[in-house]
Amino acid sequence: MKTSVLILAVSLTACVSVREVPVPPTERRAISSDKAPAALATYSQAILAGDTLYLAGQIGLDPATRQLVPGGLQAEARRALDNCRAVLEAAGFSLADVTMVQVYLADIGDYEAFNQTYAGYFPNPQPARAVVAVAGLPRGAKVEILMTAVRRR
């Protein structure tokens, strides 16, 4: 019995000591793309930290005019997703590298319409996602999207 307990204790200790501890990112740099609208305030379009890319929220602004695209929720969602893709590509990532998407809707009643647009953007497996309704978004936008991506090795 004492031998069994000792072996179990040694096994548990070995498991804990072998566990990998994440290495802190060695690099933190701003990423930007002229194919996405310039930041509206004091923030970066994205920050690359190690192998993880954190994208700032994108609304449906046309990069050339910096105005919301006409056409309502689905047009804004397409433009916001295209803006995110442009920033991802500027950092050498793609939509396939996205692990988490956060979506802010000015009207939760637009949830199904948003899903129709969103459905065609990501390969399987789809990234994790949260969709929440908010009281308002910059420039009166109907949707804002932000993402996190991890470089695949």
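A pocket is an open set of points, on a 1 Å grid over the protein atoms alone, where a 1.4 Å probe fits and protein lies on both sides within 12 Å along at least five of seven lines; its lining residues have an atom within 4 Å of a point. This is a predicted model, in which local features need pLDDT of at least 70, side-chain atom pairs count only at pLDDT 80 or more, and totals for linings use all residues. Residues are numbered from 1 along each chain, and side-chain values use heavy atoms, without hydrogens and water.

Start with the largest pocket. Its volume, the space filled by probe spheres set on the points, is about 160 Å³. It is lined by 13 residues. L40, Y43, G57, Q58 and I59 lie nearest its centre.

Now turn to the strands, which are DSSP E runs of at least two residues. Strands pair if DSSP finds at least two bridges between them. β2 (46–49) and β3 (52–55) pair in the antiparallel sense over 4 bridges. They form a hairpin with 2 residues between them. In its turn, G50 has a positive phi of about 65°. β3 also pairs with β6 (143–150), again antiparallel, over 3 bridges. L53 of β3 is the bridge partner of L48 and stands opposite A149 in β6.
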